[in-house]
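Please open the model in a viewer and keep the sequence panel alongside.

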Amino acid sequence: MPKQKTHSGAKKRFKVTGSGKVMKQQAGMRHNLEVKSGQRKRRLNADQVLAPQDAKVIKRLLGKAGR
């Protein structure tokens with residue numbers, strides 16, 4: 001039987017922690033950075049935990065649904 005392939009787009013954008021949470025990078029750090037305050041840039045630079053409803057979908061794409 002063929003193996004399940006990992007979704008290439010998802011593996012570049014999300015990572016699963018040891019406890020099973022799905023982390024993502026906050027949007028808004030790609031351009032117009034000189035307009036944004038340092039406090040805002042620090043906040044945007046931190047990883048965020050994905051909502052449980054979204055995490056379920058992403059785990060399936062990453063092939064970690066059974067864990």
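## First stop: a charged pair

Select Asp47, which is partly exposed at a relative accessible area of 37%. The model is a predicted one, and Asp47 has a partner to display with it: Asp47 forms a salt bridge with Lys15, and the closest N and O atoms of the pair are 3.5 Å apart. Asp47 belongs to strand β3 (residues 47–49) and Lys15 to strand β1, so the pair ties together parts that are 32 residues apart in sequence. Now select Lys15: with 49% relative accessibility, Lys15 counts as partly exposed. Side chains of opposite charge can pair when their charged atoms come close. How many salt bridges does a search of the whole structure find? The search finds 1 salt bridge.

## The whole chain

Next, zoom out and colour by secondary structure. The protein has 3 helices and 3 strands, and along the sequence these follow the pattern α-β-β-α-β-α. The radius of gyration is 15 Å, well over the 11 Å that the globule rule gives for 67 residues, so the protein is more spread out than a compact globule. Along the principal axes, the C-alpha atoms fill a box of roughly 55 × 20 × 20 Å.

Of the 67 residues, 19% count as buried. Among contacts between residues at least 6 apart in sequence, 47% join residues at least 24 apart.

## The nonpolar core

Hide the surface and select Ala10, Phe14, Val22, Leu50, Ala55, Ile58 and Leu62; these 7 residues make up the largest nonpolar core. Which helix gives the largest share of this core? Helix α3 (residues 52–62) does, with 3 residues. In soluble globular proteins, nonpolar side chains tend to be buried together.

Centre the view on Ile58. Setting aside residues up to four places away in sequence, Ile58 touches Phe14, Val22 and Leu50.

Keep α3 in view and look down its axis. Ala55, Ile58, Lys59 and Leu62 are buried in this helix. Seen from this direction, the buried residues of α3 fall within an arc of 105°, so they line one face of the helix. The cover over these buried residues includes α1, β1 (14–16) and β2 (22–25).

On the other side of α3, select Gln53, Lys56, Val57 and Arg60, which are exposed. Then move to Gly63, which follows α3 and has a positive phi, near 75°.

## Before helix α1

Select Thr6, located in the segment before α1 (8–13). Thr6 is partly exposed, its relative accessible area being 38%. With neighbours within four places in sequence left aside, Thr6 is in contact with Lys11, Leu61 and Leu62. For a distance label, pick the C-alpha atoms of Thr6 and Ala27: the two residues are 21 apart in sequence and 23 Å apart in space.

## The loop between β2 and α2

Move on to Asn32, in the loop between β2 and α2. Most residues other than glycine have a negative phi.

Leu33 lies in the loop between β2 and α2 (38–45). Leu33 is partly exposed, with 29% relative accessible area. Apart from residues up to four places away in sequence, Leu33 touches Gly28 and Lys41. The C-alpha atoms of Leu33 and Asn45 are separated by 12 Å, and these residues are 12 apart along the chain.

## Last stop: Ala46

Finish at Ala46, in the loop between α2 and β3. Ala46 counts as partly exposed, at 40% relative accessibility. Not counting residues up to four places away in sequence, Ala46 touches Gln25 and Gln26.

Note on methods. Residues numbered from 1 in each chain as written. Predicted model: local features only at pLDDT ≥ 70, side-chain atom pairs only at ≥ 80, totals over all residues. Heavy atoms only, no water. Helix = DSSP H or I, 4+ residues; strand = E, 2+ residues; numbered from the N terminus. Rg over C-alpha atoms; globule rule 2.2 N^0.38 Å. Buried < 20%, exposed > 50% of the residue type's maximum accessible area, 1.4 Å probe, protein only. Contact = heavy atoms within 4.5 Å. Core = buried A, V, L, I, M, F, W, Y, C linked by side-chain atoms within 4.5 Å. Arc of directions from axis to C-beta. Salt bridge = Lys/Arg side-chain N within 4 Å of Asp/Glu carboxyl O.
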